[in-house]
Structures are given as structure tokens and as C-alpha cells.
Amino acid sequence: MLQNAFQGSRRYWGLVGLWAVLILVGAAAYSRQLSEGLHITGMSRDVSWGLYISQFTFMVGVAASAVMVVLPYYLHNYKAFARSVILVEFLAVSAVLTCMLFIFVDMGQPRRVMNVVLHPRPDSPMFWDFVALSGYLLLNLIIGTVTIEAERKDLPPPRWVRPLIYLSIPWAVSIHTVTAFLYSGLGARPFWMTAILAPRFLASAFASGPSLLILLALFVRRFGGFDVGRQAIRALGTIVTYAMIINLFFVVVELFTTLYGAIPHDVHAFAYLFTGLEGRAALTPWTWVGDLLAVVSGLLLVVPAVRHKERYLALLCGGVVASIWIEKGLTLVVTGFIPSPLGAVTEYAPTVPEVAITVGVYAVGGLILSALYKVVLSVRERVQLA
Amino acid sequence: MKDRTGIAVGLGVFLIVASYPVWNGLAAAGGPGRPELEPARDTSGCVEDTAYMAAHHQALLNEWRTRVVRGGERYYTSSSGRRWEMSLTGTCLECHGGKAGFCDRCHEYAEVRPTCWNCHLSPGGG
Amino acid sequence: MAEDRRRFLKEMGAIALGAGVGLPLLDPARWIERTSAERSTVPVRQWAMVIDVEKCLNPEVRAACTEACHREHNVPHIPDPEEEVKWIWTEEYEHVFPDQVHAHTAEGTRKAPVLVLCNHCTNPPCVKVCPTGATWKREEDGIVMMDMHRCIGCRYCMAACPFGARSFNWRDPRPYVERDERGQPLSDFPTRTKGVVEKCEFCAERIRVGKVPACVEAAARVPGGEGALTFGDVADPDSEVSRILREKNTVCRRVALGTGPNVYYIVPAGVPTSLGATAPANDPVTGPATGRVGTAGEA
């Protein structure tokens, strides 16, 4: 079945070529990082996590969002998702792989990565994140390949895969919860230490993941002749809307506690985001644009007349993904470090090599996604012809 | 066979690439035979006998590392009953001089690159 | 591809994956024993330090401490403050004890220079979060140690430390280590490598041979610096540190977080005046002032 990934149109190979070029650029930058150290990034003693970890945080959400399709289809027999499930499972595979790669490129001593396995520490959320991500990758890889193989043979999937599918549902929730727990248990970082972080992560994941899926589904319909169906797109749009509204509500809730409670060390971080702190305001434009985009997209999505037109839906989904990417992928991680434990406001901006490595990692995800989707498309084509 | 030339060329390229370590190593060879090690300052003997150290010094150093760093221990009792302080720079190199005259000799010969020297210091630099 | 060849390849792949993941975990008994042993009960001793802020107002005392520590441990001098590595250094009182400063705290108190270092907490959050156990709290004496061989450089400990005590090697530190006239580093202590986190370890290697930490010794040699830093076992009621803690008014940093720091500060009875009002920018170790919350006006 994998041979389908090696046969394709000129357009497909063009896409693969694009990923390959970006991967090479990223690899070149990474080899420089390996030899010189992480000083080539924009991270510092005060802001010790940056673009890599924030992208990991965003992509974990995308990976976890597979549950929003798997749950209705397998637990509640929502037939409309029949053709979407495989797309979301392979999206999860590609997303988890990029997550693990982002963590890997962030490590100061990557050759020692196996130490997490050789010297496990159950007290550390990072250890559990490693377990959760590895397990989720394995689960979705098995489920995806088994179901697509079954489809190719025009048979129902084997019975033993069912319990794995059921397991993947709480597991999806757990990968993003444990990622939130990386942040929300640290007394040193009041911006992160809020019980609502995990619910926020999940809500924004369930908005951004299905949004991305809608965009991908529209893409494969346009360029691959694979149609998940109007009802599926519509249902996904509904899920995105509810998730986004809940996410916006959580933001309001957080803003109230912080601003009304007015405890200085809680307020400082929000002040940095919305107005700047001590004259430093690098993230302020991003914050306002992101939040405006989130509110506008969320509210417009509520209107059925807007949401049911696929062109507008695609646009608004783009807005949802962009706004949540700004939040998780830019503002969340860095702001946790501002101000520092000693009151310093050290700003962060990624450097060119750092962005190159990030793009390279995303390109790896893109390549894997393209290959897996190509397999799906080819199998579907053959089954339809048969 | 239709693709005879292509196969022959491909096979040739493969053989050249696969045997790279051999002909590259031959070209860069620093002469045959075991490398010369500078004699130790103290001739009363090493931590363990030479044959054991040659074969197991990596394992011994790893054991010392774990016992010192994680166990907080200080002394090692060798198989001869002699007590040694477990320290790469303080014990091994104190006697064997710098890494250039001792450790590097065999390591360069065998193309081994241990990462000890990223952190640990050798008298005389390195 | 023929079906049986595919099946064979898949089975080989599965075996390789299983072995790769499973073999390291084949030692469950030893793992359980190891983790439960390192999960210590109450340590036999708890090394602690008492810092007399008044005596440390003298910049010579502070400089002696920081230089002695950084020399003893080959701590690199990296000029860029964003990449600097420091084990013990000076900060202003209002940043060290933010919970003790109010709207009308005297300027002299706000700006008083205070030595800061790793607190070797009783409940260290950095130890809790480390995924590999590269940092751990020693059972026998309570020092929070670093294992430079195991650290994977994930910097989770840096995120978890509420005191900003940890530094990461963003680059190879060797070129920045001070050398003597022969070009050799000033001490035998291993320099670290790029990609690992480091911090004060209460001079564990000196304690092992019966010495006090380098900073304590160096401070005592400065005229007027005797008793500036006191080191001892806080679990021993007869130790000097225990005596001081009984007799003097002491505070700790960020007590409300519950980490149980073991560095105690005797705060000055009066507002520090000219000697203490020198801004840390003059301190030879902290280097040029960077943008700080509180040092308004200085860029």
C-alpha cells in the first residue's frame, strides 16, 4: 500500500519536492545548531523555551483533535464521518511526529534522548508526555493502517482494532492534558499556573484541529478527487463553532479572574501581552490581532448562513487556526517567562536559523501527511473503480 | 539483459561507496602496529592490571562516574586491595600525564571519540 | 510485493520496534528499586546557608564570593547577559524579596544588593519536573545535585525554578572560561559542555573533603566579611546556622510557594545607606544593567 506514496502526478511530486527542499534547509540549520549550540536561537537565560516548544504545544492540539471525529463515528455511529476518519487519523500521526521532532530539536543534548526511557521519572510531566505521545503515535499508526488496508480489501476492519480505537479516545484527551500539565503545575510561572489551562488547551485544540481538517478536506476534494461529503464538512464546522465559543468563554473567564483579582504577579503577564511591560511590547500587536481574529471568527461561525457556505467556512477556519496558532504558538509559552523570577522583562524573538529549523520540522510533517494522504486517495480511487 | 551497462555502473558505484572506509582509512593510515603510549609517572601500577584496563577502562570509568556523581562516593578499592580516589583528572591523568600522550594515542588509532573531554580537563590542555 | 514478503517485513519492523522500546524497560525490578531509593525519606542532614545581608552590602564581600565560586568551578564569563552563566550573583532587594516590598519601602532598602544562589530547597520543583533524574536531591545531605552526564538539556528545571537559579549552556563554555598565564583553566573542576543546565551545588566536591563552600571561605577572608556567609547543617540544632536562625530575624525567598528554601537571609535592621545603595551595575559579576522591571529609566 505504501507504494502508492511513490507513484503520483507531477503536482504530487512538486509538493513532495517542496517539502524536501524545506527539510534540507531545516536540516542545514539544525546541523549548525548541533555544532554551535542553542545560542543560534533567540532563547535566553530568562526565556528558556521559545518557538520549538510553542509549536509543539500547538501541534499537540491538532493531534488530539482527532477525537472529535473518532468519537462521533465509532462511539455514536455518526455515519457522515465515514470518509473523514482516516484523514483525521493520519493527520494525528503527522501532527504527533512533528510534536516529537519539535521536542527533539529543542534539546540541548539530543543524543541523550533515550535517558528519558532509561531513567524514567514518574514525577515528571515531561516523562508522561513522552509516554503519551509515543503511545498515541503508535495507536493512530496502527488504527490508520489497519483501517485503510481493510478498505483496500473491501472488508470491515478486524475486530481487534476496535478496543484500540476506543482507547485512542481518552488517550487523545490525555496527550493534550498532560501537555497542559507541563505548564500548569509550576508555581514559578503564575501565567501558566491556572487550572483552566488544560480545558483551554482542549477547547482551542478542538477548534483548531477540525478547522485544519476542514481545510485539508477541501484541499483533497479539489486536488485529489476525494470528497468527505457535505454533511461531514458541515458537522465539522459545527464542532469548530462550539469549541471556539467555549474557548472564547474560557478566555473571558481567565481575564476576569486575573483583572478583577488584580494580583500583581498575575496581572504582569497579561499586561505584557495587551499593553506591554516596562516599555517592552513585542507581543502586543500579535495579541490584539490574534484575539480580534478569534472573536470575529468565532462569532461569525455562529451564524448558520455564514457557516454553511463553504467558502466562508474555509476563510473562518483559517482565521480560527491562525488565531489559535498565535495564542499557543507565539504568546503562551514566551509570556510564561515574562517577567522572570527576578522581575526582569527579557523579550524573545526567534532567529532566522530557528525559523528555518521550525519550517523544516513542519515540512517533515507535511511530507508524511502528503504521503499518507496519497495512499488514502489511491486506495479510494481503486476501490471506487472496482 | 537490457540494462547491463546501468547495472554495472550502479554496482561499481555501490562498491566504491561501500568500501569507502577501507580505502579512505588506508590513505590516512598513520602507520601499522599498536600506538606508542607515554609511560606512566608512577610505575607501581595502575588501578587494575594493564590487560583489564585496556579492555575495560570505559566500563570502569562509567562505574566511577556513577558512584562519584550519583552515589557521592570517593574511593575505589581495586582487586589488589589498593585504594584509589575515583577521579579521571585527579587520579588517571595525574599519573598518565595529559590525554595527548596517552588517551589520544589509542583513540586516534581506533577512530574513537569519547566525549569525556568536552567537560573534563587534561593537564596540558584538552 | 508478494504478501508473505510484506508480512515478513512488517513482522521484522514490529520486532525491531518492540525490542528498541522494550529492552531498556526489561529491568522493572531494578527500576522500581532505583526510583524508590532515590525517593528519599527525611535526609540525614540538610546543608543550609545563612547570608547576612548587612555584611554583604560591602561590594568587596560580594565580589569575593562570586569570583571565588566562578573560579573554583570554571564558570564561563559570557558577556551577553541573555546567555550568561552564573551560580551566585547580586540582585536588588526588591527583586529578591518581591513579597516584602510595598509602595513605601525606602529606596535604600529596595536597591540594597543581595546575594542570590540556588536555595537547595526541601521540596525542589526542579527535581520534581526533571524527566531523567539529572537533577536530584541527595538523601544524605539535602544538596540538589546536577548530573552533567545525564542532562538532556530540556530546560524544564529552568522553567520550574522560582528563583532563576539555573543557567543553560547555550554554547560551548570552554572559550569563555578564565585561564591562568599558562592558558590553563583556573581549577580542575570539569567545565561543562554546551547543552546542559548548571547551578550551584553547595560545593559538594569541597564538602566531601571537609571544606566549606568557596563563597563562604572567600567572604570570611575579606576584612569585615567574617560571618557574612555561614554554612552548616540546619537539621542539627547545635550547628552555627541553627543558632543564628534561633537568635536572628531571618527570611527566605518566596516562602509562600512552599519549596522550602535552605538559604536564609538576615535582613538589615535599618535602611541601608550609601554603602548599600550602589546599584548592582557596579558589581563586577552581574555586568551591565539590562532592562529590568523596577530599574525604570535604565534601558
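This is a predicted model: local features need pLDDT of at least 70, side-chain atom pairs count only at pLDDT 80 or more; totals for chains, interfaces and linings use all residues.
Chain B has five helices and two strands.

Now turn to the overall form of chain B. What box do its C-alpha atoms fill? Taken along the principal axes, the box is roughly 75 × 30 × 30 Å. The radius of gyration tells you something too: chain B has 21 Å, while a compact globule of 126 residues would have a value near 14 Å. How much of chain B is buried? Of its 126 residues, 10% count as buried. Let us also look at how chain B makes contacts within itself. Taking the contacts with a separation of 6 or more, residues 24 or more positions apart account for 56% of them.

Chain B can also be read as domains. Domain 1 covers residues 48-86 and domain 2 covers residues 87-126. Between the C-alpha centres of these two domains of chain B there are 16 Å. Where the domains meet, four residues from domain 1 of chain B and four residues from domain 2 of chain B take part in the contact. On the domain 1 side of chain B, the residues that touch domain 2 are three nonpolar and one charged, with no polar ones.

Next, let us step out to the other chains. Two pairs of chains touch, and the pair with the most contacts is chains A and C. What about chain A and chain B? These two do not touch, and their nearest C-alpha atoms are 11 Å apart. Chain B does meet chain C, in a contact that takes twelve residues from chain B and 13 residues from chain C. On the chain C side of that contact, you will find six charged, four polar and three nonpolar residues.

How many helices and strands does it have? Chain C has ten helices and ten strands. Buried residues make up 45% of its 299 residues. As for contacts inside chain C between residues at least 6 apart in sequence, 69% of them join residues at least 24 apart.

Definitions and conventions: Residues are numbered from 1 along each chain as its sequence is written. Chains are lettered from A and ligands numbered from 1 in the order in which they are written. Domain bounds come from an automatic or database domain assignment. Two residues are in contact if their C-beta atoms, placed from the backbone, lie within 7 Å. Ala, Val, Leu, Ile, Met, Phe, Trp, Tyr, Cys and Pro count as nonpolar, Asp, Glu, Lys and Arg as charged, and the others, Gly among them, as polar. Helices (H or I, at least four residues) and strands (E, at least two) are DSSP runs, numbered from the N terminus. A residue is buried if 20 or more other C-beta atoms lie within 10 Å of its own, exposed if 12 or fewer, and partly exposed in between; C-beta atoms are placed from the backbone. The radius of gyration is taken over C-alpha atoms; the globule rule is 2.2 Å times the number of residues to the power 0.38.
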